[in-house]
Amino acid sequence: MQATPHGGGLFRTPLDNYPPFCYPPNHMNLEDTALGPTDFIRDIVSKHFSERKYPRIHTRFPPEPNGYLHIGHAKSICLNFGIAREFGGICNLRMDDTNPTKEDVEYVESIQEDVNWLIAGWAKDNLGLKEKGKTPDAVSSHGKPDFHLAPARNAGAVEPFYASDYFDQLYEYAITLIKKGKAYVDDLTPEETDEYRRNAKESPWRNRSVDENLALFARMKAGEFPDGKCSLRAKIDVASPNIWLRDPLLYRIRHTAHHHIGAKWVIYPMYDFAHCLSDYIEGITHSICTLEFEVHRALYDWILESLDLPRPLPHQYEFARLNLGYTVMSKRKLHQLVLEKIVTGWDDPRMPTISGIRRRGVTPEALYAFAYNIGITKYNGVTDVAVLEHAIRSDLNTCALRRLAVLRPIKVVLTNYPEGKMEELQAVNNPENEGAGMRKIPFVRELFIDRDDFMEVAPPKFFRLKPGGEVRLKYAYIIKCEEVIKDAAGNITELRCTVDLDSKTGGATANRKIKGTIHWVSAAHAVDAEVRLYDRLFTVPEPDAGDGDFRAHLNPHSLEVVTAKCEPSLKDAQATSRYQFERLGYFALDKDSRPEKLVFNRTITLKDNWAKEAHK
């Protein structure tokens, strides 16, 4: 594999030369080589690393805890932690928790669980956490007072970074801007503020004196004003072509307790104000955001540069967010699906949330293989969900244990097989992994096959079981359907078949050419299980495109629940294992599963059935 130069003596193998769905590289010697994907952000970081611009590459993943993380966040996690890992740096996990009206401890806990799950085994050592309860240190940098909070160096009690832990420092920074004449207290209502900014119009209170602004801001902090009465705004340029520079809000009043710090504050910093200064306090070098924040970058830089901060300033870089076909990514719309009980919760396996994807049975290896291979660009687009599904199949094909399960059972009686006889047949656990070994499955006179594998009146190219037709039972014998038994209503209840007793592996007729092979389980040994057959939640590639209601495109067949008959080894199924129900798809135990009642989720079908439908 040919390597190409990649900034200051580093080498990086081109992504095009990687096999489909390669996995993130192991930790590498950065003085020699840096294997892995390449993109414009990594090019920038590589250049800075080679120039030794920073003592250490320091990124961050800063979600707002106002919902569950989704697969778009997985792309950001893999990018930020991937860069930290590839360049021997740190990636802080930070809660950008500046809006107490929408945030909750539930979301904080789910974010931590999702991040830990996704980075386990490849970037855990690059996770930046702080000492529990610690707030920024007051330090001196280049002879100037400064604030800094570094990741914890030991494995004691730690927690994520929180923007709310910096509220004292952010308040001090706001005071500094007021003293510099770069911020003022405004009495416009929120609606008036939006109108004035939209029309490039100055507020009547824009030119208040510094002393008056300081006094009013102190009264805001003391809780003397109701919500919406006044706000703190940056004094930049009301006529700027960039609307984010038209005297944006820095603080607003919210008489609401905060999930992390309680009722200490009644004024809360706006995201744009807190975000850049949190990056600075933590010593972030590369603040990597999605493309919608590109227009915010000028404000990010203005705030930092206006404060005359003594340490090197972080810089913001933007990349295109992940837009995935047949999916909605808006937290508001995902929240709507939960509130309206269209899904069972944030971790419903049909949801694009990381917790939902995990519950469905997708592995972290599949997710970060997908994230690494779709690339990082500056151009918005829609990624076909089939790309994700291919990554999932590629991963599960190598790790899933093969098992036999019948989803819609119909009984088969082998009339010439001895009553009371039971054989143990050899079955492969995983043909992709010889080390997975073999298992034994019981074979008896009465079996179950899948109802879909029999047709009483079959078309010419139907190669499964039909009256007078033969099929091979996987790992077993060739059988022939002799008689169809029906109930009074005409429903098929039983198939009576004969078995070629010499057709088992090693037998005289084992090599007879039979076009169809089907799966089966022993009726006497079968284990019942609830199987939830999940499919795409929407029927169109872009359900929220245009002005229509995205719910109009919900897939009414996104979940079907059946009671399956499973081979007996599945009674010992493990939550950490993945299974291929042969000929059917990949499955995993659900969290609802109990020893007395197994519950499996279908992670994905063996083949892309949607592509087949699209070509009809």
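**View 1. Gly 121 and helix H3 in a predicted model.** Just after helix H3, Gly 121 takes a positive phi of about 90°. Please keep in mind that this is a predicted model. Helix H3 covers residues 105–119, so to speak a run of 15 residues. From its first C-alpha to its last it reaches 21 Å, close to the 21 Å expected at 1.5 Å a residue. Several residues of H3 are buried, among them Tyr 107, Ile 111, Asp 114 and Leu 118. An α-helix has 3.6 residues a turn, so residues three or four places apart point the same way.

View 2. Look for Met 220 in helix H6, which spans residues 210–221. Is Met 220 buried or exposed? Met 220 counts as buried because its relative accessible area is 0%. Leaving out residues up to four places away in sequence, Met 220 touches Val 185, Phe 225, Cys 230, Ser 231, Leu 232, Ile 253, Val 266 and Ile 267.

**View 3. Glu 423 and its polar partners.** Glu 423 sits in strand E20, residues 423–428. Its relative accessibility is 11%, so Glu 423 counts as buried. Which side chains form polar contacts with Glu 423? One is Tyr 417, at 2.6 Å, and another is Lys 504, at 2.7 Å. Residues touching Glu 423 also include Ile 441, Pro 442, Phe 443 and Tyr 477.

**View 4. Asp 500 in strand E25.** Strand E25 runs over residues 492–500 and includes Asp 500. With 18% relative accessibility, Asp 500 counts as buried, because the cut-off is under 20%. Beyond its neighbours within four places in sequence, Asp 500 is in contact with Tyr 477, Ile 478, Thr 509 and Arg 512. Arg 472 is 28 residues from Asp 500 in sequence, and their C-alpha atoms are 9.7 Å apart.

**View 5. A salt-bridge network.** Side chains of opposite charge can pair when their charged atoms come close. Here, salt bridges link Asp 347, Arg 359, Glu 530, Arg 532, Asp 590, Lys 591, Asp 592 and Lys 597 in a network. In the pair formed by Lys 591 and Asp 347, the closest N and O atoms are 2.6 Å apart. This pair links distant parts of the chain, 244 residues apart: Lys 591 is in the loop between strands E31 and E32, and Asp 347 in the loop between helices H9 and H10. Lys 591 is exposed at 53% relative accessible area, whereas Asp 347 is buried at 18%. Glu 530 and Lys 597 form a salt bridge too, with 3.1 Å between the closest N and O atoms. Glu 530 lies in strand E28 and Lys 597 in the loop between E31 and E32, so this pair ties together parts 67 residues apart in sequence.

**View 6. A nonpolar surface patch.** Ile 243, Trp 244 and Val 295 make a nonpolar surface patch of about 240 Å². Val 295 belongs to the loop between strand E15 and helix H8. Its relative accessibility is 41%, so Val 295 counts as partly exposed.

Conventions: Residues are numbered from 1 along each chain as its sequence is written. This is a predicted model: local features need pLDDT of at least 70, side-chain atom pairs count only at pLDDT 80 or more; totals for chains, interfaces and linings use all residues. Side-chain values use heavy atoms; hydrogens and water are left out. Patches are made of residues with over 30% relative accessible area and no salt bridge: like charges are joined within 9 Å, nonpolar side chains (Val, Leu, Ile, Met, Phe, Trp, Tyr) within 5 Å. Accessible areas come from the Shrake-Rupley method with a 1.4 Å probe; for residues, only the protein chains shown count as cover. A salt bridge is a side-chain nitrogen of Lys or Arg within 4 Å of a carboxyl oxygen of Asp or Glu. Helices (H or I, at least four residues) and strands (E, at least two) are DSSP runs, numbered from the N terminus. Buried means under 20% relative accessible area, exposed over 50%, partly exposed in between (1.4 Å probe, protein chains only). The expected span of a helix is 1.5 Å times one less than its number of residues. Contact means heavy atoms within 4.5 Å. A polar contact is a pair of N or O atoms within 3.5 Å; within protein, one must be able to donate a hydrogen and the other to accept it, and residues adjacent in sequence count only if both atoms are side-chain atoms.
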